[in-house]
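Please keep the sequence and the structure in view while reading.

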Amino acid sequence: MKKSSGLYLSAREASAELAISPATLYAYVSRGLIRSEPSPDSRSHRYRAEDVRGLKERRVPSPEPRGLRSFDADLPVMDSAIATITEDGPIYRGVNCVDLAEKDTLEHTATLLWDVTAIDPFAADNCPHVSDEMRAIADAARRAAPIDRAIAVLALAASADPGAFTRAPDGRAMVGARILRLVVATMLDAAPPAEPRHLQIAKAWAQDHKHASDLIRRALVLLADHELNASTFTVRCAASTGLNLYDAVIAGLAALKGPKHGGAGVLASRLVKTLIDNDVAPVIRERVALGERFAGFGHGVYRLGDPRAMSLLDALTRAGAARKFTREVPERIAEATGEFVNIDYALAVLVHSLRLPVGSELALFAMARMVGWIAHASEQLQHGKLIRPRARYVGPAPGRGAASSGL
């Protein structure tokens, strides 16, 4: 193959330069990030070398994870300094979250993701603003699911907080800490204390388990962010319209509830419950024979297993959780389907092992992921740009619709 001139690169050269698939290269072209034009022989296209190298300089200097290429190449690509995904796990501002989860808290993770150094947003006196109306709503929604109760209370929270619309980065971090404290307390149906979230959650839901607080701490850190997943992108879109952080978090909570996102943990818990009183091998064999999928297994990025799940399952094993769930089930399902464990299954095993309330998989996920949402919303507000993707129209051509046919 003839080598391209200095001004241009072939598709193969451009893809190699960026360590991406051809499909992703074409997506960059369609978004106007890389200029393309027909080659002199008109049988292929060539790509502006300066655009390719300029884009490379703005991207994280690591190869695109192989699994990431399974996602739709036409989805938006955005610059962010907050987090990225690697096959070794998510990276929070240069720190692997699996390493961070060994000792750190959700609060320290928040200061990292929010890029806060000059202030302490989790100081004891930075308490949520709770109005009489918010208390009334929380009381009326006491029997609702924790995430629904939190959405209801948050809908009134911005009006109660004088600093809700601050534009100062440190001010937004202070608001973020108040939101986190408010939402966790609302989900637990408790007052918002100054103690770390993992201690508050363990005290409310698993007081009798000696390893509960450390296991919950680990899970919260592992779940704090995962780059531009569906709920985080929803938050960024909402924030790009100029919303305050309270309302942006509401958008994230609504998106998280879907069974293909945070709701997958609830489905994984059903699998765990099915296996409590049954042998693993026959259940898996029957489901595989019927063509059923296993919630909590397989991932678009982590082809050989989710490092976050492995970290949490290893910790559960050390804490005395049943090896049937931490070892046997993941191994047998991987052997039978080729799909490896992800964080949704690990979260379901955590809930089962600690005997947490029904549905707490989704609540824990939301409590943790709020930290990432606040980071992304703050970054989007700082950019000040409206997110407005374009649609590729595939409907009827003009003049061929129902109106022109007289229907």
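Helix H7 bends by about 30° at Leu154. The model is a predicted one. H7 covers residues 146-160, which makes 15 residues. From its first C-alpha to its last, H7 reaches 21 Å, close to the 21 Å expected at 1.5 Å a residue.

Several residues of H7 are buried: Ile147, Arg149, Ala150, Val153, Leu154, Ala157 and Ala158. An α-helix has 3.6 residues a turn, so residues three or four places apart point the same way. The partners of the buried residues of H7 are helix H6 (132-140), helix H8 (169-188), helix H12 (245-256) and H18.

Leu154, where H7 bends, also has a place in the largest nonpolar core, which has 99 residues. Leu154 is listed there with Trp114, Ile179, Tyr345, Leu364 and Met367 as the residues that touch the most other members. Helix H18 (residues 360-383) supplies the largest share of this core, 14 residues. Leaving aside residues up to four places away in sequence, Leu364 touches Ile201, Trp205, Ile216, Leu220, Leu347, Leu350, Val351 and Leu356. Another core, of eleven residues, lies apart from the largest one and has Leu18, Tyr28, Val52 and Leu55 among its members.

The charged side chains come next. The model has 20 salt bridges, and the table gives three of them.

| Salt bridge | N to O distance |
|---|---|
| Arg35 and Glu50 | 3.1 Å |
| Arg35 and Asp51 | 2.8 Å |
| Glu102 and Arg218 | 3.0 Å |

Arg35 sits in the loop between helix H2 (22-30) and strand S2 (36-38), while Glu50 belongs to helix H3 (residues 49-58), 15 residues apart from Arg35. Asp51 is in H3 as well, 16 residues apart from Arg35. Arg35, Arg48, Glu50 and Asp51 are linked in a network of salt bridges.

Asp51 has a relative accessible area of 14%, so Asp51 is buried, the cut-off being under 20%.

Glu102 is partly exposed, with a relative accessible area of 38%. Arg218, at 4% relative accessibility, counts as buried.

Conventions
Residues numbered from 1 in each chain as written. Predicted model: local features only at pLDDT ≥ 70, side-chain atom pairs only at ≥ 80, totals over all residues. Heavy atoms only, no water. Core = buried A, V, L, I, M, F, W, Y, C linked by side-chain atoms within 4.5 Å. Buried < 20%, exposed > 50% of the residue type's maximum accessible area, 1.4 Å probe, protein only. Helix = DSSP H or I, 4+ residues; strand = E, 2+ residues; numbered from the N terminus. Contact = heavy atoms within 4.5 Å. Expected span 1.5 Å × (residues − 1). Bend = angle between axes of the 7 residues up to and from the residue. Salt bridge = Lys/Arg side-chain N within 4 Å of Asp/Glu carboxyl O.
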